[in-house]
Structure formats: C-alpha cells, structure tokens
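Hello,

Here is the structure we talked about handing over. Please look through it first; my notes follow.

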Amino acid sequence: MRLGVLDVGSNTVHLLVVDAHPGACPLPAHSHKAELRLAQLLDDNGAIGPEGIEKLGAVIHECLQAAEDKGVEDVLPFATSAVREAGNADDVLARVKAETGVELQVLTGAEEARLTFLAARRWFGWSAGKLLVLDIGGGSLEIAYGMDEEPDAAVSLPLGAGRLTAGWLPGDPPGAEPIRALRRHVRAQIARTVGEFSRLGTPDHVVGTSKTFKQLARLGGAARSTEGLYVQRELKRESLEAWVPKLAEMTTAQRAELPGVSEGRAGQLLAGALVAEGAMDLFGVDSLEICPWALREGVILRRLDHMGSE
C-alpha cells in the first residue's frame, strides 16, 4: 500500500510518501515539505501565534493535496517538540483538526527517541550490536541506546538547533560570549544524561541521524546526497572540532555557500554543530555513521509492524 507520513516538526512540515507492506523495506515515492520554523514562531509566552497556526493549517492542506495526488491510502500525522511544548498546544491541535480534519498525534520526546532508534536498528541490522543513536532536530536532541529494537535507554533534551539559535545566538555572526555561553549550556545538559547510558556499556556502533548531522558530515568530506542512500557516510569528531570555530566566524550567507548546507538551515548550523560536538565529546565518540532513516521511517515501520500482527 502507499502510506504517507505527515511530520510537523520544529523546522519543517514534511510529507513523506512510501510504498510499503509488512516485511518489506519501505520505498520512498514522493516528498513534499515546507520550512515553517514553528520553533521560531513562538511568542513571549511560548505560544504559537495566530499567524503561525494559520500558516500551519495552509501547509497541512498542501500536504494533504499532495498525498491525494500521489494516491496515498493512509496518512500518519504526528507533531514533535514545537507543538508539544507550545503554551497553547491544545488550541493549535483543535484548530488544525477543525480546519484540515487532521488529528495530529503529539509524540513525547522519549517516543521520538524510540522510533528513531527503531529506524536505525532496521537500517543497520542486528550485526551492528549495541547501538547509540543521536538525533538533532529543530527543537530537541534525542539519544537512545540498546541491543534490541526497543532501546534500553532513551532521552530527549531541549537542545534542538533551531531552538538554540533563536534563544542563544543573536547577531550574524554571533559574538564570542553568546557562543561560549551556549557551549556551556549544551554540555551541562548532555552531561546530566551520560551516566544513565554509560552504565549500559560501550556501544558497538554509534549513529547520527537528521539534517544537521548529514550537513556536518558533508563538510567533513562525506559523499553528497546525489550519490545515493547506500554510500557509507561518517562524521569524525576531529573534523567537527575543526569546523566549529570556522562556522562561528561565518555569517549565515557564508555558511549557505558551504557544500551540502541549505540556505534554510545555514542559520542554525553553528548551534547544531555545538550540540553534535558536545554529544560526541561527552559520550567519547570519535566517529559516527550517518543513518539515512530517522523518525519518519520509524513511524512507518511501527505502523507496518502493527499491520503485520493484525
């Protein structure tokens, strides 16, 4: 059957259409997305304002039309940290349902981490052993670890690249002191969780998912996206540590000219790099492998598992 996953994230609203059935690898058929940046549309009270809600409804309508055009039989709609943590989340969900008919499932941070972990486990298989999965989104950082398809530990921290850029890095480029303050904040937040994971033992394989990790790996010389999903891509901490001070000195326009960096994500790449560097350092990771699958694929796989057991 043809399924659609409608992901209302902190940076983008993304419809991913796949051809799938239980026991088979989901094959991407179409992608439709709009950069809405909900995490940056919050007012002083942490609520999504009327303009943001209106834009969200319009984008969801576009995605539903795209799903219909592509023959999607069922759409799985969900929202992550930007909606989850909005001060008026219930109002937003009610407006979206009234205007579009879509009832968004709001995932908890732990659910995000578990579903992303499932996607990484299915991609790399059992031979990868104990997996540590890191995922940097627009609103949060997810960390998960385990031997099985369900992680033994999974946490979500409010360290998304978009959220941190909006809250901590004024100026273009930002000054040295805000960058130092953000670095301290990021590392203090991550350090609180390290003990929970280190008690579980050393991972056999460390994986990074998300656009941020992909762009940072590309800066470090990884293959470009046009070379396909199955090319192995790595991000080395040594490369990342060399790039962070360079990114700190660049304007958004200058970062957008770097290989693999999109104009829409250039502004938040420094914050994402600080999170990636902090996580790799504190978890003792010298190199991680980029996983093409992440949360959206995890949602699809979970749905297919349920279909297969019915």
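**Leu288 and the cores**

Setting aside neighbours within four places in sequence, Leu288 is in contact with Leu134, Val206, Val207, Gly208, Phe213, Arg233, Glu234, Leu235 and Met280. Contact here means heavy atoms within 4.5 Å. Leu288 also belongs to the largest nonpolar core, which has 48 residues. Leu288 is among those with the most contacts inside that core, along with Leu132, Ile143, Ile190, Leu216 and Leu247. Helix α11 gives the most to this core: nine residues. Another core, of 25 residues, lies apart from it and includes Leu38, Ala82, Ala86 and Val96.

A nonpolar core is a set of buried Ala, Val, Leu, Ile, Met, Phe, Trp, Tyr and Cys residues joined through side-chain atoms within 4.5 Å. Buried means under 20% relative accessible area, exposed over 50%, and partly exposed in between (1.4 Å probe, protein chains only). Helices (H or I, at least four residues) and strands (E, at least two) are DSSP runs, numbered from the N terminus.

This is a predicted model: local features need pLDDT of at least 70, side-chain atom pairs count only at pLDDT 80 or more, and totals for chains, interfaces and linings use all residues. Residues are numbered from 1 along each chain as its sequence is written, and side-chain values use heavy atoms, with hydrogens and water left out.

Where does α6 bend? The bend is at Arg192, by about 30°. That is the angle between axes fitted to the seven residues ending there and the seven starting there.

The buried residues in α6 are Ile179, Leu182, Val186, Arg187, Gln189, Ile190, Thr193, Val194 and Phe197. Their cover includes β6 (131-136), β7 (141-146), β8 (153-157), α5 (161-168), α8 (237-249) and α11 (269-282).

In α5, Ala161, Gly162, Leu164 and Thr165 are buried. They pack against β6, α6, α7 (211-219) and α11. Ala166 and Phe197 are 31 residues apart along the chain, and their C-alpha atoms are separated by 29 Å.

**Backbone points to check**

- Asp172 and Pro173 are joined by a cis peptide bond, with omega about 5°. Pro173 sits in the loop between α5 and α6.
- Arg37 is not a glycine, yet has a positive phi of about 55°. Arg37 is in the loop between β3 (27-35) and α1 (50-69). Arg37 counts as buried because its relative accessible area is 16%.
- Ser210, also not a glycine, has a positive phi of about 105°. Ser210 is in the loop between β9 (205-209) and α7. At 11% relative accessibility, Ser210 is buried.

**Cysteines and Thr80**

How many disulfides are there? Zero, from a search of the whole structure. A disulfide is a pair of cysteine sulfur atoms within 2.5 Å. For Cys291, the nearest cysteine sulfur is that of Cys25, 11 Å away. Cys291 is buried at 0% relative accessible area, and Cys63 is buried at 1%.

Thr80 lies in the loop between β4 (74-79) and α2 (81-84). Is Thr80 buried or exposed? Buried, because its relative accessible area is 6%. Neighbours within four places aside, Thr80 is in contact with Asp7, Val8, Gly9, Ser10, Glu112 and Leu295.

Best wishes
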